[in-house]
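This report goes through one model part by part. The sequence and the structure come next.

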Amino acid sequence: MQNNSENKLFAETLQFIRQAFGQPRGTIPLHAPVFGGNEKKYLGECIDSTYVSSVGRFVDRFEEEMARFTGAAKAVVCVNGTNALHLALHLAGLERDEEVITQPLTFVATVNAIAYGAAHPVFVDVDRDTMGLSPAALRAWLEQNVRIEQGQGKDPKPGAYNVKTGRRIAAVVPMHTFGHPCRIDETADLCKQYHIELIEDAAESLGSYYKGQHTGTFGKMGVLSFNGNKILTTGGGGMLLFRDEALAKRAKHISTQAKVTHPWAFVHDEIGYNYRMPNINAALGLAQLEQLETFLAAKRKLAGEYKQFFEGKAGIRYVEEPRDCRSNFWLNAVLLDGPRQRDAFLEYTNQRGVSTRPAWELMHRLPMFKNAQCGDLSNAEWIAGRLVNIPSSVPYES
Ligand SMILES: Cc1ncc(COP(=O)(O)O)c(C=O)c1O
C-alpha cells in the first residue's frame, strides 16, 4: 500500500520528468533516438551508390572516426554488440569448457556471448557506486578460487585455473553499467597479475571515460553497441575496439567469413562468421557520430537537472557519476528504499505514460545460468532490489 508521502514523492517526480522533457502528456520513452544531422543525406548517398551492403566507404569512415573518438588503435564494426562480444571472446582464445568471469548485473547479451562458445560464466559482485564489476570482489574470488598452472594435455595452456572445477579462466568481462565506468584500471591490474584476458563490455558507455581514458580501451578488446536504444544508433550494430592492429585485422577477416582477399576467387582459410555491419548502418552511424558531443552535453545537462531535483528527497536517491569518471549518462537511475517501493514507483510511472524499468533480472537467477559458480553477490542483489531507470533521451529541442 502506498502512503501519502510516497504518493506525493511519486507525483512530484512524474511532474518533474514531464517538465524536463517538455511533454505535459503522452508517453515519454526511456530512451529514444534523435536524428538531427546528416542521416538522410548519407543514407541517400548509400542508395544512390548501390553500396548498401557490407563493403562501402561509410564502413571505413565510421571505423576510422570511432577509433579517433575513443582513442583505440583500431575499430571494427559488427552487426550488433552481442556478436561483437562473441567475436571478442573467440579472438581472446576462449575455448569450450573454459570459464569467463563477469558480473550478474548486466544485460543477458554479455553472458549469452560466453555461452555461445560453450564456455561457463562465473559471477562476481559489482560495486554499489559504479554498479560495475568490483575489483575488490574479483580479487577476493581469485584469491580463493584460482591457481596459476601450466595446464595439462596435448596442448597445455598456462594461466589461471579454477581449483574447484579444474577449468581455465580465459577472460574477465566487466560492464560499464548504464554508462557509468567501473574501476577498470584495478581490474586490468588483476587480470595482468592472473594472466587473464580483459574484455570490456562497453556497450552502454560510448562517450564515458575513466580517469580520462575512454571505456573499452583498457583491455585486449572493448565492445560497443549501437542498438536503437543506445546513445548513438546504427539501427542495429556493434563495434570492437582494439589496442593491437594485427588483432583488429584478424577480427575483420573472421567477421567476413574468413575470406582470403582476392579479386575473384572464393577461398576461406578458417571457420568465419558473417558479422559485418552493412554500409547503410555505418552511414547512419557516421551521421550520429557527428552529433555525439551534442548528445553527450544534452545528457549531462539532463543528469544535472535530475541530480538537483532528487537532492535531499527522502525515499529516492539519484545514482550519481562515480569518482574519477566522466559518464555519458546513457540511462539515469534512481534507488528506492526497497523492492516494494521500487515496484510501486514502476507501476505509478508506467501507468501514467512515463516509461521506467527495473534493473535486469540478475543473471544467476535466469534458468540457463542458475548453476553458474558465484561469489558473494550482495551488492548486485541490493541494487537490483531498489533500482529504477528513468527517462534519459536527448531532449528533442537540443
Ligand atoms: C551491457 C550490454 N551488453 C551487450 C549488449 C548487446 O548489444 P546489441 O543489442 O547491439 O547486440 C547490450 C545492449 O543491447 C548491453 O546493454
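## Terms and basis

Helices (H or I, at least four residues) and strands (E, at least two) are DSSP runs, numbered from the N terminus. Residues are numbered from 1 along each chain as its sequence is written. The model is predicted: local features need pLDDT of at least 70 and side-chain atom pairs count only at pLDDT 80 or more, while totals for chains, interfaces and linings use all residues.

## Helix H4 and the ligand

Helix H4 is followed by glycine 93, which has a positive phi near 95°. The helix spans 81-91 and is mostly covered, with 10 of its 11 residues buried. A residue is buried if 20 or more other C-beta atoms, placed from the backbone, lie within 10 Å of its own. Among the buried residues of H4 are Gly81, Thr82, Asn83 and His86.

Around the ligand stand 14 residues, of which Asn80, Gly81, Thr82, Ala203 and Ser225 are the closest. Here a residue is near a molecule if its C-beta atom, placed from the backbone, lies within 6 Å of it. H4 and helix H5 (108-116) each supply at least two residues of this shell. By type, the shell divides into 4 nonpolar, 8 polar and 2 charged residues. In this count Ala, Val, Leu, Ile, Met, Phe, Trp, Tyr, Cys and Pro are nonpolar, Asp, Glu, Lys and Arg are charged, and the others, Gly among them, are polar.

## Two domains

The chain is divided into domain 1 (4-34 + 292-390) and domain 2 (39-289), with bounds from an automatic or database domain assignment. Their C-alpha centres lie 26 Å apart. Across the boundary, 36 residues of domain 1 are in contact with 43 residues of domain 2; contact means C-beta atoms, placed from the backbone, within 7 Å.

On the side of domain 1 that touches domain 2, helix H10 (292-310), strand E13 (325-326), strand E16 (373-374) and helix H12 (378-384) each give two or more residues. H12 gives the most, with 6 residues. The residues of this side divide into 23 nonpolar, 9 polar and 4 charged.

## A three-stranded sheet

An open sheet of 3 strands runs in the order E9-E8-E13, with antiparallel pairing. Strands E9 (213-214) and E13 stand at the edges with a single partner strand each, so one side of each has no neighbour in the sheet. Two strands pair if DSSP finds at least two bridges between them.

Strand E8 (residues 209-210) pairs with E9 in the antiparallel sense over 2 bridges. In this region, tyrosine 210 stands opposite glutamine 213 in E9.

Key. A residue is buried if 20 or more other C-beta atoms lie within 10 Å of its own, exposed if 12 or fewer, and partly exposed in between; C-beta atoms are placed from the backbone. Two residues are in contact if their C-beta atoms, placed from the backbone, lie within 7 Å.
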